Amino acid sequence: KIEADYETSKDGALTAEGLESTVQWAFAALAFVEEPLVDDIQYQLQRLRRICCRLVAEASLPEASRPRLALLLVLVGDVFGQQEEE
């Protein structure tokens, strides 16, 4: 869902309300993630982290959405251990 919204944002059609509902959906989905993480969940969390990083970096992102995306990044990185590879 977030990836589809990211693709929409590149067309300039992403709204603050659309992004807000997507972020709420992601938080709800993360509430059901169980550890240890299986490979598919790790893959999806990495995709989520990459897309959130791209969205936060975009200047056109609504300012109110940045803290929520940053919190998603913290959850994915610190809670689920999906840090950026260096």
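## Nonpolar core

In this predicted model, the largest nonpolar core has 15 residues. Leu 19, Leu 30, Leu 45, Leu 69 and Leu 72 touch the most other members. Three helices each supply at least two residues of this core: α2 (16–30), α3 (39–57) and α4 (66–79). The largest share comes from α3, with 5 residues.

Leaving aside neighbours within four places, Leu 45 is in contact with Leu 30, Leu 37, Val 76, Phe 80 and Gln 82.

## Packing of α3 on α4

Two packed helices are described by the angle between their axes and the distance between the axes. For α3 and α4, the axes come within 9 Å and cross at roughly 150°. The angle is over 145°, so α3 is roughly antiparallel to α4. The crossing of α3 past α4 is left-handed.

Which residues of the two helices meet? From α3 come Leu 45, Leu 48, Arg 49, Cys 52, Cys 53, Leu 55 and Val 56. From α4 come Arg 66, Leu 69, Ala 70, Leu 72, Leu 73 and Val 76. By class, this contact has 11 nonpolar residues, 2 charged and no polar ones.

Leu 45, among the residues touching the most other core members, takes part in the α3–α4 contact. Leu 69 and Leu 72, also on that core list, meet α3 from the α4 side.

Pro 36 is found in the loop between α2 and α3. The peptide bond from Glu 35 to Pro 36 is cis. Its omega is near 5°.

Technical notes. Residues numbered from 1 in each chain as written. Predicted model: local features only at pLDDT ≥ 70, side-chain atom pairs only at ≥ 80, totals over all residues. Heavy atoms only, no water. Core = buried A, V, L, I, M, F, W, Y, C linked by side-chain atoms within 4.5 Å. Buried < 20%, exposed > 50% of the residue type's maximum accessible area, 1.4 Å probe, protein only. Helix = DSSP H or I, 4+ residues; strand = E, 2+ residues; numbered from the N terminus. Contact = heavy atoms within 4.5 Å. Axes fitted to C-alpha atoms, helices over the stretch in contact; angles between N-to-C directions. Parallel < 35°, antiparallel > 145°, perpendicular 65-115°, else oblique. Left-handed = near helix turned anticlockwise from the far one by under 90°. Nonpolar A, V, L, I, M, F, W, Y, C, P; charged D, E, K, R; others polar.
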